[in-house]
Amino acid sequence: MYSVEIDISHEASHLEVNNFAIEHGCSASLITLDGPAGGNPLYEFTSKSFDMLLELVQQYFGPDSGFTDQELEDMIQEV
């Protein structure tokens, strides 16, 4: 199982976040509504597939995020 925590904009509804996760073969769990980065909700995304979770991370941050592929991969933890 693989996991990544991402601070999501408060403008996205919980349903939208869950649907985004499902579209990538992942699940999403709300950790806290008032996360560490500007008070946005903090979600944990999990998947049995590293590649599916990596695809979710890549799509969320986008090609102009400034993160290298290796940095995106390093965000994902095996649990």
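## Strand pairing

Strands S2 (residues 27–32) and S3 run antiparallel and are joined by 5 bridges. Strands here are DSSP E runs of at least two residues and helices are H or I runs of at least four, both numbered from the N terminus; two strands pair if DSSP finds at least two bridges between them. Opposite Ser27 in this arrangement stands Thr46 of S3. Strand S1 (residues 2–7) also runs antiparallel to S3, with 6 bridges between them. Val4 has Phe45 in S3 as its bridge partner.

Buried stands for under 20% relative accessible area, exposed for over 50% and partly exposed for the range in between, using a 1.4 Å probe and protein chains only.

## Basis of the model

The model is predicted: local features need pLDDT of at least 70 and side-chain atom pairs count only at pLDDT 80 or more, while totals for chains, interfaces and linings use all residues. Residues are numbered from 1 along each chain as its sequence is written, and side-chain values use heavy atoms, with hydrogens and water left out.

The chain has an average pLDDT (the predictor's confidence in each residue, from 0 to 100) of 93, and 99% of the residues score at least 70. Confidence is highest in S3, at 97, and lowest in helix H3 (residues 69–74), at a mean of 94. Where pLDDT is low, the predicted coordinates should not be read in detail.

Ser29 is a residue of strand S2. Ser29 counts as partly exposed because its relative accessibility is 37%. Beyond its neighbours within four places in sequence, Ser29 is in contact (heavy atoms within 4.5 Å) with Leu42, Tyr43 and Glu44. From Ser29 to Phe50 the C-alpha to C-alpha separation is 17 Å, and the two are 21 residues apart in sequence.

## Aromatic pairs

Rings of Phe, Tyr and Trp (its six-membered ring) pair if their centres lie within 6.5 Å; planes under 30 degrees apart count as stacked, over 60 as edge-to-face and the rest as tilted. By this rule there are 4 aromatic pairs. Tyr43 and Phe45 form a tilted pair, because their ring centres are 6.2 Å apart and their planes stand at 35 degrees. Both Tyr43 and Phe45 are buried.

The pair of Tyr60 and Phe61 is edge-to-face, because the centres lie 5.0 Å apart with the planes at 85 degrees. Tyr60 is partly exposed at 31% relative accessibility, and Phe61 is partly exposed at 25% relative accessible area. Ring pairs link Tyr60, Phe61 and Phe67 into a cluster.
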